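Please look over the sequence and the 3D structure shown here before reading the notes below them.

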Amino acid sequence: LDNTSMGPFDVRPAELPEEDEEGNVTCLFANLTFELVPPEDFIYRAKDPTPLKERVQQLGGCELQRLMECPTVVGFFSPIPIPPLNLALRTCCCGRPFEGSSATVD
């Protein structure tokens, strides 16, 4: 993916999926991972395991069919906390602090 396209994307396995001892095949989307680039001043936290993998493990079947019916959350963007601003108000003549002074930013 090139960070500019919105799709659609052709998703196919590189080789035929293997069957388990019961003849079931794991959905290709169960192993799909997401690496998102967060906007400035945010971090990205991926859900682990992905909801796609969880649902395939719990329900089996095809995850693509479920994604067509309802969206899913694959992670979270959280703002990076801004460090507190330490400010000292002092006189310009001798550098003594103004007791009980405060400052506001509008």
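This is a predicted model: local features need pLDDT of at least 70, side-chain atom pairs count only at pLDDT 80 or more; totals for chains, interfaces and linings use all residues.

Residues are numbered from 1 along each chain as its sequence is written, and side-chain values use heavy atoms, with hydrogens and water left out.

**Overall form**

- The protein has 2 helices and 2 strands; helices (H or I, at least four residues) and strands (E, at least two) are DSSP runs, numbered from the N terminus.
- Along the sequence these elements follow the pattern β-α-α-β.
- The protein is more spread out than a compact globule, because its radius of gyration is 26 Å, well over the 13 Å that the globule rule gives for 106 residues. This radius is taken over C-alpha atoms, and the globule rule is 2.2 Å times the number of residues to the power 0.38.
- Taken along the principal axes, the C-alpha atoms fill a box of roughly 85 × 30 × 25 Å.
- Of the 106 residues, 13% are buried. Buried means under 20% relative accessible area, exposed means over 50%, and partly exposed is in between (1.4 Å probe, protein chains only).

**Backbone**

- Most residues other than glycine have a negative phi, and most peptide bonds are trans.
- Aspartate 41 has a positive phi, near 70°, although it is a residue other than glycine. Aspartate 41 is in the segment before E1 and counts as exposed, at 51% relative accessibility.
- The peptide bond from aspartate 48 to proline 49 is cis, with omega near 0°. Proline 49 is in the loop between E1 and helix H1 (51-59).

**Salt bridges**

- The structure holds 2 salt bridges, each defined as a side-chain nitrogen of Lys or Arg within 4 Å of a carboxyl oxygen of Asp or Glu.
- Arginine 55 forms a salt bridge with glutamate 63, and the closest N and O atoms are 2.3 Å apart.
- Arginine 55 counts as buried because its relative accessibility is 18%; glutamate 63 is also buried, with a relative accessible area of 0%.
- Glutamate 63 and arginine 66 meet through their side chains in a salt bridge (2.8 Å, N to O). Glutamate 63 and arginine 66 are 3 residues apart in helix H2 (residues 63-69), so about one helical turn separates them.
- Salt bridges with shared partners join Arg55, Glu63 and Arg66 into one network.

**Surface patches**

- Patches are made of residues with over 30% relative accessible area and no salt bridge; like charges are joined within 9 Å, and nonpolar side chains (Val, Leu, Ile, Met, Phe, Trp, Tyr) within 5 Å.
- Glu19, Asp20, Glu21 and Glu22 form a negative surface patch. Asp and Glu count as negative and Lys and Arg as positive, while His and the chain ends are not counted. The place of a charge is taken as NZ of Lys, CZ of Arg, CG of Asp or CD of Glu.
- Glutamate 21 is in the segment before strand E1 (42-46) and counts as exposed, at 76% relative accessibility.
- A nonpolar surface patch is formed by Leu85, Leu87, Leu89 and Phe98, which together have about 440 Å² of accessible area. Accessible areas come from the Shrake-Rupley method with a 1.4 Å probe, and for residues only the protein chains shown count as cover.
- Leucine 89 is in the segment after strand E2 (75-79) and counts as partly exposed, at 31% relative accessibility.
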